[in-house]
Every structure is written in structure tokens, then in C-alpha cells.
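Q: Hi! Could you walk me through this model while I have it open?

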Amino acid sequence: MLGIPVSLTTPEYEREYKREFENCRDSMFKCGNIIAGFPFHRGDREIECGHPDLELQCHDDITRMEIHGVGYRVLEIRPDRQILRISSEEVINKGICRPPFPDEEWIQDSPVYTPGPGFASVTLFYDCVSPISPDLLSFPCNKNDSNVSVARANNTNIHPEGCPKSVNVSILQTSLERLRNHSLDWKGALETGFEVLWRKNYSEECRKCNSSGGACGFQIWDDKKFFCYKMSGMY
């Protein structure tokens with residue numbers, strides 16, 4: 001028998017397409033103080049309504065998302081500037097004195113995200129046998145008399161040969177400055193989170209889609225391409 005594709009004008013397809021169009025047009029993700037539409041999805045917004053890598057989850061009025069297998073709390077979304085402010089719950093819960101925790105170097109090479117305008121990457125060096133630089137922040141830890149030295153990531157003046165452990169974490173530049181002048185502690189810096197940008201700006205495509213009466217979404221089955229749901233057709 002010849003394989004003949006099912007017509008894309010069947011009543012079942014038209015009903016499903018209409019449902020997806022209305023869902024992407026009308027629904028918003030709402031959780032606690034976070035409200036988000038395109039290019040995010042989940043909650044009441046189905047996966048076709050947002051980029052597959054921008055999935056939000058809601059638990060007990062707290063917005064979370066998974067990035068590179070690590071759970072992050074979403075603190076703020078600023079769609080006008082493509083800014084996402086997030087914090088790693090595991091790092092917050094452990095504090096800086098109890099490694100290991102997820103290294104956040106993924107931000108530098110991510111195909112989806114890039115560091116935001118207020119982003120600062122720092123390296124934490126543990127139990128250095130001698131000072132590795134005189135201008136570093138240093139924090140004592142109560143357990144086993146360990147200590148943590150803090151430097152900006154990729155600082156070429158640092159020589160950490162005598163430090164058995166190190167890990168990169170991300171904070172805001174303003175948090176780093178406040179740590180230096182002792183107006184903020186590490187718990188506050190980690191809870192404040194850090195900023196990333198989602199790389200692709202879909203605002204112009206989505207504006208054109210909305211102005212034509214369409215609803216913005218994605219072809220998740222076709223290389224995550226932008227997709228405009230329209231009751232008169234699609235493009």
C-alpha cells in the first residue's frame with residue numbers, strides 16, 4: 001500500500017490547531033510574582049507556545065527552570081531587555097563553604113544564554129596554603145578552619161597552585177561590589193542571583209505575527225523555529 005499523509009485540513013487537525021492558536025494567544029505563565037508570555041512556556045502555556053529551552057515550572061508559588069541539568073529559581077523576567085535573573089538553589093542552600101556544587105561555566109558557551117549586563121563570574125578558591133593574591137576577598141568558614149578566597153574568574157594575576165579546590169559561581173556585579181565594602185554577605189549575594197540574556201530576539205517576528213492577528217509560538221518538531229499560529233493559515 002502507498003503511504004498517503006493525512007490531510008492537514010481534517011476536522012481533528014483544525015480543532016487541534018485552533019486550540020493551540022487560542023492557547024498561545026491568550027494564556028500566560030503565572031506563579032508567585034512572575035508573569036511571563038512568549039517566548040516562555042508551561043503552566044497554562046503549552047510547549048508549542050514558547051522556545052523549548054525556556055520552560056518554566058511552578059512549585060509553591062516559586063518559579064523554577066532547569067538549565068544544563070541544574071535547577072534555578074527564577075527571580076525576575078524582563079522581556080523588554082531579554083533579561084532573566086536567576087539563582088541556583090543548591091548553591092544558596094549549601095552556602096559557599098560546602099562545595100562541591102554546580103560550576104556555572106556553562107554560561108560562557110551556552111547556545112541559548114549569554115551573560116547579562118549586570119553579570120559577574122567569580123572563582124572561589126578553597127583552603128589555599130598561602131595567599132594567592134593580596135587583593136582578594138577572603139572569607140573564613142567555621143568547619144575545619146577552612147577559608148575561601150574570591151577572585152574574578154579568569155584573573156591572570158591569580159596563582160592557585162596551593163588551593164586544593166576551586167569552583168566558579170555567578171553573582172551580580174553590584175553584589176560583588178557590596179561584598180567588597182562589607183554591605184552584603186554571601187547569602188544575600190547568592191539569593192540576589194545573577195543575570196543572563198536569552199540570545200535570540202524574537203520581538204520583531206512576534207510583533208508582526210501579533211499585528212496580523214496571529215499568536216507566537218515555535219515549531220518544536222522542526223529545529224525550534226519561530227512559528228506564527230493564524231486562524232487563516234500559518235507561516
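Q: Is Cys-206 buried or exposed?
A: Cys-206 has 9% relative accessibility, so Cys-206 counts as buried. Buried means under 20% relative accessible area, exposed over 50%, and partly exposed in between, with a 1.4 Å probe and protein chains only. One caution: this is a predicted model, where local features need pLDDT of at least 70, side-chain atom pairs count only at pLDDT 80 or more, and totals for chains, interfaces and linings use all residues. Residues are numbered from 1 along each chain as its sequence is written, and side-chain values use heavy atoms, with hydrogens and water left out.

Q: Which residue forms a disulfide with Cys-206?
A: Cys-206 bonds to Cys-216, with the sulfur atoms 2.0 Å apart. A disulfide here is a pair of cysteine sulfur atoms within 2.5 Å. The link has 110° about the S-S bond and is right-handed. Cys-206 lies in helix α6 (residues 203-211) and Cys-216 in strand β13, so the pair ties together parts that are 10 residues apart in sequence. Helices (H or I, at least four residues) and strands (E, at least two) are DSSP runs, numbered from the N terminus. Cys-216 is buried too, with a relative accessible area of 3%.

Q: What else is in β13?
A: Gln-219 is found in that strand, which covers residues 215-219. At 16% relative accessibility, Gln-219 counts as buried. Gln-219 touches Lys-224, Lys-225 and Phe-227, leaving aside residues up to four places away in sequence. Contact means heavy atoms within 4.5 Å.

Q: Back to the disulfides, how many are there?
A: The count comes to 5. One of them joins Cys-24 and Cys-49, with sulfur atoms 2.1 Å apart. The torsion about that S-S bond is about -90°, so the disulfide of Cys-24 and Cys-49 is left-handed. Cys-24 lies in helix α1 (residues 11-26) and Cys-49 in the loop between β2 and β3 (57-59), so this pair connects parts 25 residues apart in sequence. Both Cys-24 and Cys-49 are buried.

Q: And what about Cys-128?
A: Cys-128 is joined to Cys-163, S to S 2.1 Å. The torsion is about 110°, so the disulfide of Cys-128 and Cys-163 is right-handed. Cys-128 sits in the loop between β8 and β9, and Cys-163 in the loop between β10 and β11, 35 residues apart.

Q: Nice, so what order do the strands of that sheet take?
A: The order is β9-β10-β8-β11, 4 strands in an open, antiparallel sheet. Two strands pair if DSSP finds at least two bridges between them. β9 (137-140) and β11 (165-172) stand at the edges with a single partner strand each, so one side of each has no neighbour in the sheet. The twist averages 30° from one strand to the next. Axes are lines fitted to C-alpha atoms, for helices over the stretch in contact, and angles run from 0 to 180 degrees between N-to-C directions.

Q: Which helix packs on it?
A: Helix α4 (residues 173-180) does, touching β8, β9, β10 (147-152) and β11. The direction of α4 makes about 110° with that of β11.

Q: Switching topic: how many residues has the largest nonpolar core?
A: That core has 23 residues, and Ile-77, Leu-84 and Tyr-113 have the most contacts inside it. A nonpolar core is a set of buried Ala, Val, Leu, Ile, Met, Phe, Trp, Tyr and Cys residues joined through side-chain atoms within 4.5 Å. The largest share of this core, 4 residues, comes from β5.
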